[in-house]
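Thanks for coming. I will go through one model this morning, and you can follow along on the screen.

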Amino acid sequence: MINDLFKQPLLFLAPLAGYTDQAFRLLCKSMGAEVMVSEMVSADGLIRDSAKTVQYAIFTKEEQPFGIQIFGSDPLVMAKAAEFLLPFKPDFIDVNMGCPVKKVIKRGAGSALMQDPQLAVSIVTEIQQALSHQIPLSVKFRSGIDNNNLNYLDFGKRMEAAGADFICLHPRTAKQMFSGKSDWSHIKELKAALTIPLIGNGDVSSPEEAKQMLTETNCDGVMIGRGALGKPWIFRQSRQMLSTNSYDPITKDILLSTILRHIDFALRFKPEHVVVKEMRSQICFYTKGLLGAAELRNRINHTESMDELLSILSLGLKL
Ligand SMILES: Cc1cc2nc3c(=O)[nH]c(=O)nc-3n(C[C@H](O)[C@H](O)[C@H](O)COP(=O)(O)O)c2cc1C
């Protein structure tokens with residue numbers, strides 16, 4: 001099953017809490033994203049069957065292959081959460097061991113687990129026992145806590161030995177958060193040390209960079225996060241780049257029709273007034289660098305109506 005998933009280097013949409021909701025995922029899928037992962041979902045919330053938490057694990061068939069990412073620090077709770085998710089029929093479960101955000105690490109979860117590899121091993125072992133290998137289990141982590149504790153190699157090998165079916169590495173330290181540049185040499189090194197597939201992640205924001213990461217590191221897939229915000233076509237372009245070394249440019253026509261499709265997907269899940277508000281930040285991403293973008297964004301930030309939003313967009317983005 002896992003080998004089927006990795007027949008060719010895959011293009012993943014990264015989990016971005018607050019951004020990669022179902023609407024954005026469906027949009028990326030329609031533009032070539034090949035594997036999707038949920039935003040991180042609290043294992044504690046899942047086992048309490050909290051409706052608010054469970055909603056983050058919901059996906060549609062159109063989003064598959066789809067993984068649900070869980071975070072937490074108690075191996076038994078994590079295993080129960082994975083078991084709870086089996087009836088949702090995800091294609092895999094992913095464990096977040098990379099999140100550097102304070103409210104996550106103070107609970108011993110996310111990147112805090114890189115400081116306690118033995119606990120991380122127990123989490124993977126318990127989850128695998130609960131899943132009985134019915135679906136693959138992956139782990140996403142960083143290069144280490146800080147530059148003095150770069151333990152990605154040892155950590156990755158331990159995750160493999162504990163039963164992880166594949167791994168995703170974002171080669172920054174937790175201390176770095178999102179500053180500096182991710183160090184792709186860590187991806188290359190870890191790939192050479194593992195027998196399970198490795199997904200590379202970090203700072204891919206163009207089709208050229210997607211190809212470069214695959215070539216430089218020999219990884220089995222590329223995961224794109226911030227590079228897809230306002231540019232969901234990056235997946236289709238990257239696939240083209242990998243097969244023909246060139247890709248179709250994006251015209252204003254495609255830009256406008258993509259934003260309209262994004263709005264359509266969002267309206268499937270949320271009421272109109274919420275979508276109008278949420279599209280403000282999305283339109284910032286879509287119009288970055290465009291002539292007259294500041295004026296367009298200013299007008300959009302002041303509208304509460306979908307009709308007005310659509311007319312500002314079609315006027316502002318006309319050819
Ligand atoms: C706003 C935001 C939210 C994120 N949420 C998650 C998350 O829920 N789970 C996770 O594993 N990583 C999360 N990440 C990290 C990304 O998945 C990814 O590892 C990181 O952004 C580097 O990739 P990129 O340069 O392609 O964005 C988040 C990053 C950002 C900027």
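Which residues are closest to the ligand, and how many surround it? There are 23 residues around the ligand, and the closest are Ala-14, Ala-17, Met-40, Gly-225 and Arg-226. By class, that shell holds 10 nonpolar, 9 polar and 4 charged residues. Keep in mind that this is a predicted model.

Next, the domains. As for the contact, 9 residues of domain 1 meet 10 residues of domain 2. On the domain 1 side, those residues are 6 nonpolar and 3 polar, with no charged ones.

Now to helix packing. Two packed helices are described by the angle between their axes and the distance between the axes. I have two pairs to show, and helix H8 takes part in both.

Angles under 35 degrees count as roughly parallel, so H7 is roughly parallel to H8. The crossing is right-handed. From H7, the residues involved are Pro-117, Val-121, Val-124 and Thr-125, and from H8 they are Phe-155, Arg-158, Met-159 and Ala-162. That contact between H7 and H8 has 6 nonpolar residues, 1 polar and 1 charged.

The second pair is H8 with H9, where H9 covers residues 184-193. Here the axes come within 10 Å, and the crossing angle is roughly 35 degrees. This crossing of H8 and H9 is right-handed. H8 contributes Tyr-152, Leu-153, Gly-156 and Lys-157, while H9 contributes His-186, Glu-189, Leu-190 and Ala-193. The contact of H8 with H9 comes to 4 nonpolar, 2 polar and 2 charged residues.

Last, two points on the backbone. Most residues other than glycine have a negative phi, and most peptide bonds are trans. Where is the cis peptide bond that I want to point out? It runs from Gln-64 to Pro-65, with omega near 0 degrees. Pro-65 sits in the loop between helix H4 (51-54) and strand S4 (66-71).

The other point is Asp-203, a residue other than glycine with a positive phi, near 65 degrees. Asp-203 is also in a loop, the one between strand S8 (198-201) and helix H10 (207-217).

That is what I have; comments are welcome.

How values were computed
Residues numbered from 1 in each chain as written. Predicted model: local features only at pLDDT ≥ 70, side-chain atom pairs only at ≥ 80, totals over all residues. Axes fitted to C-alpha atoms, helices over the stretch in contact; angles between N-to-C directions. Helix = DSSP H or I, 4+ residues; strand = E, 2+ residues; numbered from the N terminus. Parallel < 35°, antiparallel > 145°, perpendicular 65-115°, else oblique. Left-handed = near helix turned anticlockwise from the far one by under 90°. Contact = placed C-beta atoms within 7 Å. Nonpolar A, V, L, I, M, F, W, Y, C, P; charged D, E, K, R; others polar. Near = placed C-beta within 6 Å.
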